Amino acid sequence: MKILSIQSAVAYGHVGNSAAVFPLQRIGVDVLPVYTVNFSNHTGYGAWRGPLIDPSDVRDVITGVEERGAFAKVDAVLSGYQGGEGIGEVIIDAVARVKAANPAALYACDPVMGNAKSGCFVAPAIPELLREKVVPVADIITPNQFELGFLTGTEPDSLESTLSSVDAARAMGPSVVLVTSVERPDREEGTIEMLAVDDEGAWIVQTPYLPMKANGSGDVTAALFTAQYVETGSAQTALERTASSVYDLLKLTLESGERELQLIEAQEFYANPRMQFTARQVR
């Protein structure tokens, strides 16, 4: 499997491509990483160094990959946090060119905008760009529950309202929706859930809630789910494998006492997920 991953990069820690590439490689995916920023560390520290990469430079790198004849072999394009407006257009163009070379290729968009605790933390133009231009050309999207509501102009909280919001998102274009950080009032105490929906149905998986903030965990989740879905064609299987791997990554990180994801130490959990969680079909 070959994935073109257009995301940010950091030297210290693990977010964007610096979170997504290694887990994908560990499960046997050939990753073509294209960087949209090259920062010293993620912005959650409040201070960082390094450049935003100009969209024209990002486009040049993608064109260079295309000139090597790689697009015909790309199975999926993956994108995450979009720092500025120009990157969205570059990604949309890259997706069109990949699909022209390989019509079977999928585009997976992690529509990063914010979360329930922090609110929206991207530039004001980004949510509209994602909603109006990027999401409609995606095959797979992986929003958290907050971002799902923002995208669709809804307020998902219960299982029913979250499913309705997913239906609204799928009507925009994507056929597969993974919703992370699902918190509904009637869930079992001390748990958190993920919901995956495709043409075959809807499945929810419940894991223990871990009291931590882990920058980059969403990037790992989007990457692994995309690869697992491309491989199996099953939202249920992709959801169960991803939940297993990411939970064990987060648990290991929490136990380490470190702020950054223990991405390398958890590598066996990507290669051989323990499959300790079973997804329940809800539709």
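This is a predicted model: local features need pLDDT of at least 70, side-chain atom pairs count only at pLDDT 80 or more; totals for chains, interfaces and linings use all residues.
Let me start with Tyr45, which has a relative accessibility of 30% and therefore counts as partly exposed, a class that lies between buried (under 20% relative accessible area) and exposed (over 50%), computed with a 1.4 Å probe and protein chains only. Residues are numbered from 1 along each chain as its sequence is written, and side-chain values use heavy atoms, with hydrogens and water left out.

How many aromatic pairs does a search of the whole structure find? The search finds six, where rings of Phe, Tyr and Trp (its six-membered ring) pair if their centres lie within 6.5 Å, and planes under 30 degrees apart count as stacked, over 60 as edge-to-face and the rest as tilted. One of them joins Tyr12 and Tyr45, whose ring centres are 6.2 Å apart and whose planes stand at 65°, so this pair is edge-to-face. Tyr12 sits in the loop between strand S1 (2–10) and helix H1 (17–26), and Tyr45 in the loop between strand S2 (30–39) and H2, so the pair ties together parts that are 33 residues apart in sequence; helices (H or I, at least four residues) and strands (E, at least two) are DSSP runs, numbered from the N terminus.

Another edge-to-face pair is formed by Tyr247 and Phe277, at 5.2 Å centre to centre and with 85° between the planes. Because Tyr247 belongs to helix H8 (residues 235–256) and Phe277 to the loop between helix H9 (267–271) and strand S11 (280–281), this pair ties together parts that are 30 residues apart in sequence. Both Tyr247 and Phe277 are buried.

Now to the backbone. Most residues other than glycine have a negative phi. Met275, however, has a phi near 55°, a positive value in a residue other than glycine; Met275 lies in the loop between H9 and S11 and, at 36% relative accessibility, counts as partly exposed. Ser181, in strand S8 (residues 176–182), likewise has a positive phi, near 50°, and with a relative accessible area of 35% Ser181 is partly exposed.

Finally, which class does Glu67 fall into, buried or exposed? Glu67, which is placed in helix H2 (residues 55–67), has a relative accessibility of 54% and therefore counts as exposed.
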